[in-house]
Each structure stands twice: as structure tokens, then as C-alpha cells.
Amino acid sequence: MQLPAGFRAHTANIGIKDDTADFSVIAAERPCAAAAVFTRSRFAGPSVTLSRAHASDGSLQAIVVVSKNANVATGTDGDADALELVEGVARALGCEPSDVLVASTGVIGRRYPMDRIRTHLASMPPPDSTEADAVAAAIMTTDTHPKVAQASLPSENGQASVVGIAKGVGMIEPDMATMLAFVLTDAAVDPDVLDRTFRAVVERTFNALSVDTDTSTSDTAAVLASGAAGAVVEADLEAALDAVCLDLTRQLAADGEGAETLVVVTVDEARDRAQAKRVAKAIVNSPLVKTAVHGADPNWGRIAMAVGKCSDDTDIDQRAVTIRIGDRELYPKPASDDDLEAMVEHLRGDEVSIHVSLGVVPGVDGERATVYGCDLTDGYVRINADYTT
């Protein structure tokens, strides 16, 4: 998949952990309209702190990513390392350090291997690749495959492109942003419009994702617009951003550490979208629901349990709730033997859908939300038991 007009990339292996690519730079020809959102973790790393400041003026020209090393909880030395990395990339590209966003992912508590980074920056060639897939591969840690997505929209010069790349399949319960996700477009758009639109899209896509309920210290999602394709209609841009980010969200959920099944939970007939999302997250995050999905066990009572955990939502009345798996209603109507057999077959598929109607505001007047997750397998335990060893 090709990057949008106005962007080039560079990827390399600098020997952080193994022989796979672990260093990447995405660069624009000139400063771009930009927006970014970051983790709210109180243990956010220097990459987040520095990038939050750099993105605050709505302009960025480059992104540098170090994978397999988070540079988190590394004190003032880690702060200095992140700043030196940004300054080195800026010198190599001929741009201002304040126009460089830095992102890191990997083991917490270890500083960057600055000797290797300095050596590479000293001889780094100008970014000359237009391959999005190479960048997506270079930012991976425990992902099993690169994640890219693309959409098009009309522009004043013909057609604009939106391309997204993302990584992250563990330590995933976004809070403001998610994992590492970078969206590039050649549309021309005002920075304030881009920021407003991107935040709305992130809320219903990346922030609707959960693999294991754990919010990363390094979550970063950013969008850069080069403007090369000319102006676009705001609604068209939002639709294209939404399509790309939703595609990436589904890819990330399906590739959750050890996962075998994508789980999509929709809750409707809620008081407001916040309530719908809260209940949906309670379902998708339940270890009992996740293991039932993994075992194709038709134990829909675990879904009822997860809804019931939302004890502060006192307007939820169990007598008004409807629970479905796939297209079968399982509560309050008693599940027949045919229903249970159909549910088992559905649970054995690559994607499982769970639909709960709360009945708080019945019918189309109620609010809804959809969230994305995965099953829980012994593979998740094994990956994370052995992560640093």
C-alpha cells in the first residue's frame, strides 16, 4: 500500500532486540496540519510528554518510531534520550525539532540504546520509500502481522487518499488514544477541523477497543495532512478517517495476543452513548465471556453477569434487557436446543457478535455503541509470562 502524496518513509534495524526492523521515520515535504491524542496514563513515557508538546500547535512534519523499547520509567536520562532522538531526526531531515513526533513501544524500564541510535542517525539516508506496509512492519512488537488500511475521498484536485498504520495487540484498553496509530492524508484541511474530526473518530474506533483492559504508557494516535491533493469536504474526510480507523481497530482486536476470535459487542436502547459503551466494555472485557467465546461455550449467563456488574447504572432493569449472540435471542425468551446449537456454531467462527438491548430507552430513540475485543486463550498467558525472558 502506498503512502499518500507528500510523504516518504525510512525503516531500518538498529539492533534493539532482534534482526527485524525496529526504527522508522515518516517525513513530509513540509510542515503539515496535524492532530494527535495520547494516553492518560500517569506513567506516560518521555515520547508521549515530548510529542504532546510538539503536536499542540497543530503542525508536524515527521514521525519517528522506536519499537521493542518503550523508554518509559527511565527518569531524566530517558527524557534526555527522547529529546536527543528528536533533535537527531530533525537534523537529518532539515526540519525543526518541534515538528517531530516521537513514539516508542516495547519493554518498560529500559533506556534507548543511544549508541546505536546515534550511529544510525549519523548516516541515515533521506526517507525515500512510499511503502506503508514496511513502516507498519517496523513498528510491531508482538503483532503477528502488519496492519494497514486505506480509503479515498473526492478532493479539489481529483481524489485524496487516507492511509493508516497501527500496532498493538497487548496492553490494550485505550484511554484517550490507543497503541501506536498513524494516519496520513494528502487532503488539505484546517488544523482545527482536523483535530475536531480526528478526536471524534478516535472515540468511536480506537477508544472502542480492548484486548486485556490494560492502558499502555505509550499510546499515541496521530494524523498528518500534507494538503497535496487539495481541499475536501469535511464530512467526506470524517467518513474516510472513520473507515480507516475502524478497519485498523478490527485488525488490532482480531490480532490480540494469543487471540483466535474477534468479538464485536453492540449495546443499544441505552440512556446515552456513554452508558451503552460502558456496558459493552464490561461485556467484552469479562474474562468469563472471553473464555466462553474461546471455548465455544453457549453460556450466555456470563453476558447477563457482565451487564449486571454495571451497578451504578440503576436504570438498567433485568426484565427489560434482551441478550443475543449472533442472530439468536437467548434472554428473556428461553433458548431452545436449536438456539444453543446455532450459538455454538456461531462461537466457533472467526468473528462473534454479541448484541444487548438494555431497554432503558426502548427502540430507535435509545443510544448505542459498538466495541471490539477478542477471546482469551492460553496463548495470551504464555506470551506475557515470557515477554522479557
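Is Gly-106 buried or exposed, and what is its relative accessible area?

Modeller: Keep in mind that this is a predicted model. Gly-106 is buried: its relative accessible area is 18%, and the cut-off for buried is under 20%. You'll find Gly-106 in the loop between β4 and α3 (114–123). Another glycine to check is Gly-168, 62 residues away from Gly-106 along the chain, with 9.9 Å between the two C-alpha atoms.

Now step back to Thr-105, which belongs to strand β4. Thr-105 is buried as well, with a relative accessibility of 9%. Its side chain makes a polar contact of 2.7 Å with the side chain of Lys-167. If you skip neighbours within four places in sequence, the contacts of Thr-105 include the run Val-66, Ser-67, Lys-68, Asn-69 and Ala-70. Ile-139, Thr-141, Lys-167 and Leu-180 are in contact with Thr-105 too.

Strand β4 (100–105) also leads us to helix α1, because it is among the elements that cover the buried residues of that helix. Others in that cover are β2 (23–38), β3 (59–67), α2 (75–93) and β8 (220–231). Helix α1 (residues 46–55) has seven of its 10 residues buried, so the rest of the structure largely encloses it. The buried ones are Pro-46, Ser-47, Val-48, Leu-50, Ser-51, His-54 and Ala-55.

On to the nonpolar packing. The largest nonpolar core has 72 residues, and the members that touch the most others are Phe-198, Leu-237, Val-265, Val-267, Ile-283, Ile-354 and Val-356. Helix α6 (residues 234–254) gives this core its largest share, eight residues. There is also a second, separate core of 28 residues, with Ile-26, Ala-28, Phe-38 and Leu-101 among its members.

Val-356 is a handy one to zoom in on. Not counting residues up to four places away in sequence, Val-356 touches Thr-266, Val-267, Asp-268 and Ile-283, among others. Ile-303, Val-307, Val-321, Thr-322 and Ile-323 are on that contact list as well.

Ile-323 has Tyr-331 as its bridge partner in β11, while Arg-324 stands opposite Glu-329. The β10 and β11 hairpin has two residues between its strands, and Gly-326 there takes a positive phi near 65°.

Charged pairs round out the tour: the whole structure has 21 salt bridges. Take Asp-255 and Lys-147, whose side chains meet with an N to O distance of 2.6 Å. That pair links distant parts of the chain, 108 residues apart, with Asp-255 in the loop between α6 and β9 (262–270) and Lys-147 in strand β5 (residues 147–155). Both Asp-255 and Lys-147 are buried.

Arg-30 and Glu-29 also form a salt bridge, at 3.7 Å from N to O, but here both residues are exposed.

Then there's Arg-271 with Asp-272, a salt bridge whose closest N and O atoms are 3.7 Å apart. Arg-271 is partly exposed at 39% relative accessibility, and Asp-272 is partly exposed at 28%. Salt bridges with shared partners tie Arg-271, Asp-272, Arg-278, Asp-313 and Asp-315 into one network.

Technical notes: Residues are numbered from 1 along each chain as its sequence is written. This is a predicted model: local features need pLDDT of at least 70, side-chain atom pairs count only at pLDDT 80 or more; totals for chains, interfaces and linings use all residues. Side-chain values use heavy atoms; hydrogens and water are left out. A nonpolar core is a set of buried Ala, Val, Leu, Ile, Met, Phe, Trp, Tyr and Cys residues joined through side-chain atoms within 4.5 Å. Buried means under 20% relative accessible area, exposed over 50%, partly exposed in between (1.4 Å probe, protein chains only). Helices (H or I, at least four residues) and strands (E, at least two) are DSSP runs, numbered from the N terminus. Contact means heavy atoms within 4.5 Å. Two strands pair if DSSP finds at least two bridges between them. A salt bridge is a side-chain nitrogen of Lys or Arg within 4 Å of a carboxyl oxygen of Asp or Glu. A polar contact is a pair of N or O atoms within 3.5 Å; within protein, one must be able to donate a hydrogen and the other to accept it, and residues adjacent in sequence count only if both atoms are side-chain atoms.
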